[in-house]
Every structure is written in structure tokens, then in C-alpha cells.
Amino acid sequence: MNEISTHKEMLKDSGLKNTKHRNSILSIFEKNAQPLTAEQIYAELANQNTSINLSTIYRILKTLTEKGLVIKTTIKGDSKALFELNNNEHRHHLVCIECKEITMVDECPFEEYEKKLKEKMGFTILDHKLEIYGVCNHCQEKADEKNKTGIDQPSKG
Ligand SMILES: [Zn+2]
Ligand SMILES: [Zn+2]
């Protein structure tokens with residue numbers, strides 16, 4: 001499938017005008033599995049020699065988020081919001097507090113819980129977000145290595 005025409009469809013379906021910048025941003029999301037900050041998108045666009053202001057990126061991201069094309073995630077302890085394409089797949093994030101890597105998980109533990117809440121509280125749940133914080137496999141291995149060698153690394157800051 002042609003990438004650009006998909007973006008055009010997405011924009012059209014949301015009643016948005018199809019602009020070069022919107023298309024560029026959407027294609028960057030498609031190429032990256034990880035959620036991105038506005039600054040990362042800015043850097044990627046600069047690599048492609050696309051001239052765009054950071055403030056323009058923020059404005060486009062806001063519009064795309066409002067239209068549901070993009071999902072905005074805020075990670076605890078990090079002031080920068082992350083953006084990713086909304087594939088209408090319900091997913092959760094595993095956030096490593098060491099390397100800040102974000103891993104997507106498809107499984108959702110809340111389906112039954114939502115049903116129960118609806119029965120109990122009469123509350124119709126439309127969506128939920130969940131970020132799980134911890135230490136990834138890779139960082140755990142690194143920590144284990146350090147412990148094994150017994151070298152006391154001075155901690156920074
Ligand atoms: Zn990690
Ligand atoms: Zn869920």
C-alpha cells in the first residue's frame with residue numbers, strides 16, 4: 001500500500017486538509033515503532049531536509065491528537081509528551097526507568113474490570129491508559145553484571 005495515500009485518507013477521514021507537513025509527520029510515525037517527542041520528530045525532519053519550526057510541529061501534533069490520529073502519552077517524571085500513531089490497537093506501555101525505553105504490550109488486563117465497574121458504578125468506560133514502570137531486561141542484565149564484578153561505580157547526580 002502506498003504510504004502517502006494512506007496518510008491522505010487518514011487526514012481526509014478526519015476532515016483535515018492534507019498538507020506536506022502533516023504528511024511528513026505521519027510518515028515519521030509510521031517508520032518508528034517507538035513513541036516520539038516533538039523534538040525527535042523535529043530532528044528526523046531536519047535529517048530529511050524538511051524545514052519546519054518546532055512550534056509548527058507542536059501545533060500539528062495537537063491537531064492530530066484532537067482528531068484521534070495520534071495518541072499523546074505523558075510519562076511520569078518526564079516533562080516531554082510522547083506521540084504515536086493511533087492504530088486503533090489498544091496497547092499499554094512498559095517504561096524502563098533506566099534507559100527510558102518504551103515497550104508496547106497488546107494484552108490488556110482491564111476488560112473484566114471495566115465490565116465490573118460498569119455493573120457496580122453504572123459508569124460506561126470508553127477508554128483507559130496505563131503505563132507500567134520498571135527496569136527492562138537489558139538494564140537488569142547490566143545491573144547484574146555490575147554486581148558480579150563487584151566494581152563500585154560512583155553514582156552520578
Ligand atoms: Zn532499560
Ligand atoms: Zn487496557
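Helices (H or I, at least four residues) and strands (E, at least two) are DSSP runs, numbered from the N terminus. The model is predicted, so that local features need pLDDT of at least 70 and side-chain atom pairs count only at pLDDT 80 or more, while totals for chains, interfaces and linings use all residues. Residues are numbered from 1 along each chain as its sequence is written, and side-chain values use heavy atoms, with hydrogens and water left out.

**Exercise 1.** Locate Thr73 and decide whether Thr73 is buried or exposed.

Solution. Thr73 belongs to strand β1 (residues 70–74). Its relative accessible area is 3%, and therefore Thr73 is buried, where buried means under 20% relative accessible area, exposed over 50% and partly exposed in between (1.4 Å probe, protein chains only). Leaving aside residues up to four places away in sequence, Thr73 touches Ala81, Leu82, Glu84, His93, Lys129 and Glu131, a contact being heavy atoms within 4.5 Å.

**Exercise 2.** Describe the site of the zinc ion (ligand 1), from its donors to its geometry.

Solution. Donors are N, O and S atoms within 2.8 Å of the metal (3.2 Å for Na, K and Ca). The SG atoms of Cys96, Cys99, Cys136 and Cys139 coordinate the zinc ion (ligand 1) at 2.2 to 2.3 Å. The angles among these four donor atoms are 105 to 112 degrees, and the site is tetrahedral, a term that requires all angles of four donors to lie between 85 and 135 degrees. Along the chain, the donors have the spacing C-x2-C-x36-C-x2-C. Cys96 in strand β3 (residues 92–96) and Cys139 in helix α6 (residues 137–149) link distant parts of the chain, 43 residues apart, and both Cys96 and Cys139 are buried.

**Exercise 3.** Which residues give the protein donors of the zinc ion (ligand 2), and which parts does the pair Cys108 and His128 tie together?

Solution. The protein donors are His90 (NE2), His92 (NE2), Cys108 (SG) and His128 (NE2), lying 2.0 to 2.2 Å from the zinc ion (ligand 2). With angles of 95 to 117 degrees among the four donor atoms, this site is tetrahedral. Cys108 sits in the loop between β4 (102–105) and α5 (111–121), and His128 in the loop between α5 and β5 (131–134), so the pair ties together parts that are 20 residues apart in sequence. Cys108 and His128 are buried.

Terms used:
Chains are lettered from A and ligands numbered from 1 in the order in which they are written. Four donors count as tetrahedral if all angles lie between 85 and 135 degrees; four count as square planar and six as octahedral if opposite donors are over 155 degrees apart and all others between 65 and 115; anything else is irregular.
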